[in-house]
Amino acid sequence: MSLETDIEIKTYGVMKLFAFVSRRHKKIFENMMRTLPLHGSQHYLLVFLVSAKPDISQKEIAEELKVSTAAIAVALKRLESEGYISRKVSESDNRFNEIVITEKGRDILSESSKIFKKLNELTFRNFSSRDINDFYFALNKINDNLALAEGAEVKNRKGSNLWADGLNT
């Protein structure tokens, strides 16, 4: 068997395993999240809103999350009706509403944070810090290669410790 064939077999096996692990992780995550009263996409939006600028528009949210503005409108309306967010008129521009996460929203985020922490502990049990860092950089290389295949611009990470700069926060 040639070296090239051996590499093709190994990379196929790695990607097949990666897909399997990803599906398993998602299934466990969804089962754990069922204890919360939020639908997955609502939770994802709420997590996004925590770090978003207060005057972000629905259009900007949709662009960032790569979904339709209609989907964002429905999700925000549901989050608001269930008391997880409120909207108030922006002081800087009356044409916009600022999205404010309510106490109920912060409580649900605190609960989900505990779930994320538990899942991460289960996922990375018996991993050293170096193992996690190496895995992170390998995934970034794969992501960059796929982004290039899509025609996206990839940031130069040379010399940057991404683990320390963002993943660990």
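Contact here means heavy atoms within 4.5 Å. I take helices (H or I, at least four residues) and strands (E, at least two) as DSSP runs, numbered from the N terminus.

I'm working on a predicted model, where local features need pLDDT of at least 70, side-chain atom pairs count only at pLDDT 80 or more, and totals for chains, interfaces and linings use all residues. Residues are numbered from 1 along each chain as its sequence is written, and side-chain values use heavy atoms, with hydrogens and water left out.

**Entry 1: α2 and α3.** I looked up which residues touch: Y44, L45, F48 and L49 of α2 meet I61, E64 and L65 of α3. By class I get six nonpolar, no polar and one charged residues in this contact. (Ala, Val, Leu, Ile, Met, Phe, Trp, Tyr, Cys and Pro are nonpolar; Asp, Glu, Lys and Arg charged; the others, Gly among them, polar.)

**Entry 2: the angle.** The axes of α2 (residues 40-51) and α3 (residues 58-65) cross at roughly 110° and come within 12 Å. Axes are lines fitted to C-alpha atoms, for helices over the stretch in contact, with angles from 0 to 180 degrees between N-to-C directions. So I call the two helices roughly perpendicular (65 to 115 degrees).

**Entry 3: the faces of α3.** I found I61, A62 and L65 buried (under 20% relative accessible area, 1.4 Å probe, protein chains only). Down the axis of α3 they fall within an arc of 100°, so they line one face of the helix. The arc uses directions from the helix axis to the C-beta atoms. These buried residues pack against α2, α4 (69-81) and β2 (97-101). On the face turned away, I noted K59 and E64 as exposed (over 50%).

**Entry 4: after the helix.** Just past α3, K66 has a positive phi of about 60°.

How values were computed: Parallel < 35°, antiparallel > 145°, perpendicular 65-115°, else oblique.
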